[in-house]
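This report looks at a ligand site and at some backbone details. Please have the structure open while reading.

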Amino acid sequence: MCGIFGYVGKKEAKPLLIEGLENLEYRGYDSAGIAISTNKGIKIVKRAGKVEELKKALKEENIDGSVGIAHTRWATHGLPSELNAHPHTDVLKSVTLVHNGIIENYLELKNEFNLKTQTESDTEIIAGLIAIMPEKNNLEKLKSVVKLLKGSYALAIIFSNEPECIYLAKKESPLMVGKSEDDIFISSDANAFKKYCSDFYILKNNEFAKIKYNNIEFFNKNKKINKKTNKFLNTFAFENKNKYLMQDEIAQTPDALKETAIFFENFKDIKNYFKNIDKIYLVACGTAYHSCLFGKKYLEFLNVPIFTEIASEFKYSKHLFTKNTLCIFVSQSGETADTIACVKKCKCKTLAITNVPNSSITFACKKTILMKAGWERAVASTKAYSCQLLIFYLLKCLLKDEKPKIKTLIRQSKQYLNSLNLTQLAKKVATFEKVMFIGRQDDYITAKEGALKLKEISYINCTACPSGELKHGTLALVDENTLIILISTKNNLISKNLLTKEEIEARGGKCLILGNFENADIKLPKLSADLMPILSILPLQVLACEVCILKGYNPDKPRNLSKSVTVE
Ligand code: M6R
């Protein structure tokens, strides 16, 4: 949530900052702004709305300079207005900063230090506090202020008395520094400067940096420190050829599965970590939580109790951890605050399954399995979900000493995606205000994920219900304005599912079947039951994306959401 970008070098900062923000826009798109050190002082331009609005505004502005900071916002405190957009300053404009995170005690600090503010944001008080600190040195001022802050922050700051430098501070929210021969980049996500740098640094909690041309100094609370650089992993060049990222990302699924399966070879030692475990908790949010529901099914053969929990609930519940309890945390981004907060309470074995190397969850957990889905930027998670299911399947095979059968999966998913044409169906779905997804067993989990996908980008009211449970209450909602999408991939359940369809139609509801048998409305190919969930979600992702576009929305940037939810 919120993306920070910065540049120090010899080039014009403006286009680089804009490019950086465009790369980070998946983290929030309520407003955007930049601040550049020019020879007439620090100039700030900000706009409400997407980076595109800022870009338009900047066409008319002459702000030349080679040191700058930028921000794309997901609003937490205050409306997504130009006023509340970052960068923020103190009253005298001696401190200009961008912030990702939340300052929980900002009101207390505002009152305690009698700070005058102009915006509704929690960030502005940080600038105000730094400006009134008595220390002479800017780094010391910054260190004093962060001691007062409760919450999370990644900060990039320009001081008007040191306009050639950018200062950084980090706690909980991610912050990376990339270095090439002549340029230094700052970003919430290293992918945003990957094009320019091969090496990058990752700031840890309570670390600081002072950056000026060709020079980066790192500090902890007490002293200057040396830090090791990280290299980007070799990544597969995923194809982008559609208008929207979500379309590309769904189409990239077969390659993402293949890359993930190959890369899994590096994690085979994890088998030892499963020795003697007494129970497993699978914890995540949203789509990643749905993959945990499948994870439980894949790992059930271990004959130990397995619990699946939504991270924001897990945090507040009681659990019996022993040294042999294993908690598995699934997160595409590796930065989801709710999930990371759970890792901290687990005094037991912890394993992260994530798509992002060096993300916060990889540092928090004792072990990590990385997927190789490639950069996922559309807010609706698609290819990463498929890879999460694949990881659970591969884990099962590894622990059972079975040979995974994924060649067919990859071939079938490619052929299937190429042959899918859901445009007519999408037109029909787009006319409904209520859509219910139902299924039994694995298909119920797919129903949950299908409902989440459609609702988050099309704003249609979607729910999921186990087919057999309908008649125990939810059937009351069914009328001629309700569309039911019934998922049916289990041979032994087809007749029961057809009965459910009749019960729905008898109440005036419309029912479409997604299944792997002749009369299904959306046909799935035959595949082993183990791998079917990886395939059966594909048409629901495509359908959601098509409905969204037909309704005139942008699937990559649904309202109110952010790809990386870094606040609890
Ligand atoms: O990055 P994570 O996997 O931890 O994200 C978890 C959820 O926020 C995420 O899956 C969300 O539900 C997606 N927007 C669903 O498409």
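Which element gives the largest share of the shell around the ligand? The helix α9 does, with three residues. The model is a predicted one.

## The shell around the ligand

The ligand is surrounded by 14 residues, and Ser331, Gln332, Ser333, Thr336 and Glu456 are the closest. By type, the shell holds five nonpolar, seven polar and two charged residues.

## Polar contacts and burial

A nitrogen atom of the ligand is 3.0 Å from a backbone N or O atom of valine 379.

Taken alone, the ligand exposes 410 Å², of which the protein buries 90%. Two or more residues of the shell come from each of α9 (286-299) and α16 (442-458).

## Backbone details

Most peptide bonds are trans, and most residues other than glycine have a negative phi. The bond between histidine 86 and proline 87 is cis, with omega about 0°. Proline 87 sits in the loop between β4 (67-73) and β5 (88-89).

Lysine 93 is not a glycine, yet its phi is positive, near 60°. This lysine 93 belongs to the loop between β5 and β6 (95-103). Lysine 93 counts as exposed because its relative accessibility is 52%, and the cut-off for exposed is over 50%.

Glutamate 172 also has a positive phi, about 70°, and is in the loop between β8 (166-171) and β9 (176-179). With a relative accessible area of 31%, glutamate 172 is partly exposed.

Conventions
Residues numbered from 1 in each chain as written. Predicted model: local features only at pLDDT ≥ 70, side-chain atom pairs only at ≥ 80, totals over all residues. Heavy atoms only, no water. Helix = DSSP H or I, 4+ residues; strand = E, 2+ residues; numbered from the N terminus. Buried < 20%, exposed > 50% of the residue type's maximum accessible area, 1.4 Å probe, protein only. Near = heavy atom within 4 Å. Polar contact = N/O pair within 3.5 Å; in protein donor to acceptor, adjacent residues only side chain to side chain. Areas by Shrake-Rupley, 256 points an atom, 1.4 Å probe, with all protein chains shown as cover. Nonpolar A, V, L, I, M, F, W, Y, C, P; charged D, E, K, R; others polar.
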